[in-house]
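Please work through the exercises below with the sequence and the model at hand. Each task is followed by a solution in steps.

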Amino acid sequence: MSENLLSPVVRYHLVTKHNHHRYARGPGYMDWDNQPDPFRNYSGAPVVQLPVILEDDSPPYRKIFSSDPIASSPINAKTISRFLELSLAISAWKQAGDSRWALRSNPSSGNLHPTEGYLILSALEGIHSASGIYHYLPKDHGLERRLELTEVDWLDLMKEFPGNSFLAGLTSIHWREAWKYGERAFRYCQHDIGHALAAYRIAAAVLGWNLVVLEAMDDHSLSRLFGLDQDSKLPDAEREHPDLLTIVFSGSSISEIPMDLNREVIERIASATWRGIPNRLSQEHV
């Protein structure tokens with residue numbers, strides 16, 4: 001990395017870290033009236049309610065480290081539901097007085113949960129008759145279908161990957177952290193992406209699936225793929241930052257996995273008509 005690119009990274013690290021004699025700078029107060037909504041939703045996008053998992057037939061956690069591999073589950077509506085339940089879903093509700101808040105499967109700094117989850121799925125019974133790009137709704141344990149893909153687009157996008165697979169991505173809404181932590185927010189968003197990726201990995205392993213991060217994907221392509229760059233249509237909503245994309249597949253591991261997607265196919269998909277307008281999380285921003 002060149003010095004011109006590296007110097008702002010080092011400067012940010014030094015300015016925003018705690019040290020032995022002082023805490024890092026922060027807002028200094030909590031603007032409770034302006035606390036961000038912990039749940040993003042896309043108004044107008046069709047919602048698919050995922051099946052509720054009433055009985056936990058998951059193997060114990062220690063099993064994912066065993067030399068005896070966990071049997072690979074098929075990819076269907078029930079296992080997609082379990083994958084999200086174990087990684088990004090609400091795990092409990094707590095209440096103190098009039099305040100009520102959710103806990104989730106993935107840890108988060110300050111329980112602020114800046115991380116959003118996205119799936120790109122083939123046609124699956126119980127979800128949709130065509131492939132599509134979905135945003136996960138933890139509050140409702142459902143999927144918002146932001147874009148329906150043609151069969152040609154799906155096949156072109158996934159032709160280099162195993163047949164029984166899907167894509168799972170993660171983004172961050174930095175404002176959810178900046179509201180409380182100010183300029184340190186970016187650091188904590190990176191922590192939380194690590195937490196969410198680990199939760200994705202554990203959930204996949206419990207289902208006997210493999211998960212690989214596509215490390216060659218860049219921010220622009222991820223924004224296009226998740227429909228995050230619709231600025232003219234989304235003037236009020238807080239921006240989401242694209243963080244990563246993974247390929248999840250059932251069956252035995254494969255030594256050679258492409259680290260990128262076809263950019264021409266991404267651009268073709270991104271130019272289609274997206275569904276849903278994201279909600280605004282706070283009325284004011286610093």
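**Exercise 1: A hairpin**

Identify the residue with a positive phi in the hairpin of β3 and β4.

Solution. In this hairpin, two residues lie between the strands, and G97 adopts a positive phi near 65°. The model is predicted: local features need pLDDT of at least 70 and side-chain atom pairs pLDDT 80 or more, while totals for chains, interfaces and linings use all residues. Residues are numbered from 1 along each chain as its sequence is written, and side-chain values use heavy atoms, without hydrogens and water. Next, β3 (residues 90–96) and β4 (residues 99–104) pair in the antiparallel sense over six bridges; pairing requires at least two DSSP bridges. Strands are DSSP E runs of at least two residues, helices H or I runs of at least four, numbered from the N terminus. Finally, A92 has L103 in β4 as its bridge partner.

**Exercise 2: The faces of a helix**

Determine which residues of α3 are buried.

Solution. Viewed down the helix axis, they fall within an arc of 110° (from the directions of the C-beta atoms), so they line one face of α3. On the other side, E151 and V152 are exposed, that is, over 50%. The buried residues pack against β5 (115–121), β8 (165–172), β10 (241–250) and α7 (263–270).

**Exercise 3: Contacts of one residue**

List what I127 touches.

Solution. Leaving aside residues up to four places away in sequence, I127 touches V48, L50, A77, I80, L121, Y134 and L143; contact means heavy atoms within 4.5 Å.

Note on methods:
Buried means under 20% relative accessible area, exposed over 50%, partly exposed in between (1.4 Å probe, protein chains only).
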